[in-house]
Amino acid sequence: MDKKITILEVISSLKPIGGAETFAVNLSVALNKKVNLHVAVLYDEANDSFLSTLKNNGINVSFFHKKRGVDINCAKLLREFIIKNDVRFIHTENNALITTFLAIRKKQLYKKITVLHTIHTLPGLEGGKISDLLMKYIFRNKYAIPVNIIDDDNVKKYYGLDYVPLVENGIDCSRFESTIPLTKRTTDLVMFARFTEQKNHKLAVEIFEKIVRKNENFRAYLYGVGPLKETIKELVKDKNLTQNVLIKDSLPNSEIPKILSNAKISFLCSVWEMKSIAIIEALSSGCVMVASDCVGNRTIIDDGKNGFLVANDSVDNYVKLIDDIINNPSSYQNIADNAVTSSKKYSIDFTAEAYIKLFLENKK
């Protein structure tokens, strides 16, 4: 612990509940045990569960009342906060980087402040064209260092950089550890994902429809919010699957471990992923993880050992695997046990230590 180090965590928003927001809160809690931490949230909107987690861990949260688009006044308020608290290290999430850059560019604060920015999405997808151009400018001029969360050259190649450090996402594993055997779990399948094109819920419904034809008592619980939620609800209704595919709202973080601990399968058929928090939480909970075979998922799941990877063009393979797991859970207990063991390396404490080390290595 070195409370002499002051780190400012700048989060764009604490709403809705998503992997990046969950990671920011987890990281803040872990960093707060080791350094003098401040948390800045640009937009006023916040999920009560996230706020409670931060406050219950003794973390003060400052809001900066950001308006949509470029908000010079928000950047000014953030700059005043940085100066007042003599901040030398800043970590940003999602779209928070641009406002942070606007805050430190005046008075040449960037010359003495080290900024790390975690890339949670595929490079270029954090904002629109203007945001993308600004981020390229920021990284190439070394106003901030992008941090990749998967062992891949995608960020380095996209931004044309020689140096892109790797720090993998982490979770508080102790919250998710479960000793309930698969044979005693009563929920067939859960899916935690925002209702967006990326998460591919239409494919999920297609897969579930075929499983129901084999297992009329099959139940899948889909948790989340997002722009396509009503569309998926209508699709489920049109296919007469409302008794089998149950669409739920997002859960407070405090309730997710209980849901996962009772699920045989955690499912995610995304078009793409980076380092999915949902997958890591499922592994730690001893679920059998069934996920799409894409770059990010391959960095977490060792196919056939701690979970399963399936190509999204192989619907029948998804159906066969899920059907076998729910009908023969004891045959997959070893996979579930391996999942828990493999999740240990994603401890958020390791992640926090890696960020502190990275800050000190790049100190200005």
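In the predicted model, the residues A96, L97, I98, T99, T100, F101, L102, A103 and I104 of helix 4 are buried. Because nine of the ten residues of this helix (residues 96–105) are buried, helix 4 is largely enclosed by the rest of the structure. Its buried residues pack against strand 1, helix 3, strand 4, strand 5 and helix 5. Just after helix 4, K107 adopts a positive phi of about 60°.

Several of these packing partners belong to an open sheet of six strands, which has the order 3-2-1-4-5-6 and parallel pairing. Strand 3 (61–63) and strand 6 (145–148) are the edge strands, and each pairs on one side only. From one strand to the next, the twist averages 25°. Strands of a sheet pair through backbone hydrogen bonds, either parallel or antiparallel. Strand 1 (residues 6–11) and strand 4 (residues 89–92) are paired in the parallel sense over four bridges, and V10 has T92 in strand 4 as its bridge partner. Helix 3 (residues 72–84) packs on this sheet, where it touches strand 1, strand 2 (36–41), strand 3 and strand 4. The direction of helix 3 makes about 165° with that of strand 1. Helix 5 (residues 129–140) also packs on the sheet, touching strand 5 (114–119) and strand 6; the direction of helix 5 makes about 135° with that of strand 5.

Two further helices pack against each other. Helix 1 (residues 19–32) and helix 2 (residues 48–56) have axes 10 Å apart and meet at an angle of about 10°. The two helices are therefore roughly parallel to each other, since angles under 35 degrees count as such.

An open sheet of six strands has the order 9-8-7-10-11-12, and its pairing is parallel. The edge strands here are strand 9 (245–248) and strand 12 (308–310), each of which pairs on one side only. The twist in this sheet averages 20° from one strand to the next. Within the sheet, six of the six residues of strand 7 (residues 187–192) are buried, so strand 7 is largely enclosed by the rest of the structure. Strand 7 runs parallel to strand 10, to which it is joined by three bridges; L189 stands opposite I265 in strand 10. Four bridges join strand 7 to strand 8 (residues 220–223), again in parallel, and F192 stands opposite Y223 in strand 8. Strand 10 (residues 263–268) is in turn joined by four bridges to strand 11 (residues 288–292), and these two strands run parallel. In this pair, S266 stands opposite M289 in strand 11.

The largest nonpolar core contains 94 residues, of which I7, L14, I207, F208, F218 and F267 touch the most other members. When neighbours within four places in sequence are left aside, I7 is in contact with L31, V35, N36, L37, H38, F89, I356 and F359. Apart from this core lies another, of 33 residues, with F64, F81, I98 and L161 among them. I98 is also one of the buried residues of helix 4.

A separate analysis concerned the cysteines. A disulfide is a covalent bond between the sulfur atoms of two cysteines. The count of disulfides in the model comes to zero. The closest cysteine sulfur to that of C173 is in C287, and because it lies 14 Å away, it is too far for a bond; the cut-off for a disulfide is 2.5 Å. For C287, the closest cysteine sulfur is likewise that of C173, at 14 Å. C173 is buried, with a relative accessible area of 8%, and C287 also counts as buried, at 0% relative accessibility.

Finally, D349 was considered as part of helix 14 (residues 348–361). This residue is partly exposed, with a relative accessible area of 31%. Not counting residues up to four places away in sequence, D349 touches A30, K33 and K34. D349 and G170 are 179 residues apart in sequence, yet their C-alpha atoms are 7.6 Å apart in space.

Notes: Residues are numbered from 1 along each chain as its sequence is written. This is a predicted model: local features need pLDDT of at least 70, side-chain atom pairs count only at pLDDT 80 or more; totals for chains, interfaces and linings use all residues. Side-chain values use heavy atoms; hydrogens and water are left out. Two strands pair if DSSP finds at least two bridges between them. Axes are lines fitted to C-alpha atoms, for helices over the stretch in contact, and angles run from 0 to 180 degrees between N-to-C directions. Contact means heavy atoms within 4.5 Å. A nonpolar core is a set of buried Ala, Val, Leu, Ile, Met, Phe, Trp, Tyr and Cys residues joined through side-chain atoms within 4.5 Å. Buried means under 20% relative accessible area, exposed over 50%, partly exposed in between (1.4 Å probe, protein chains only). Angles under 35 degrees count as roughly parallel, over 145 as roughly antiparallel, 65 to 115 as roughly perpendicular and the rest as oblique.
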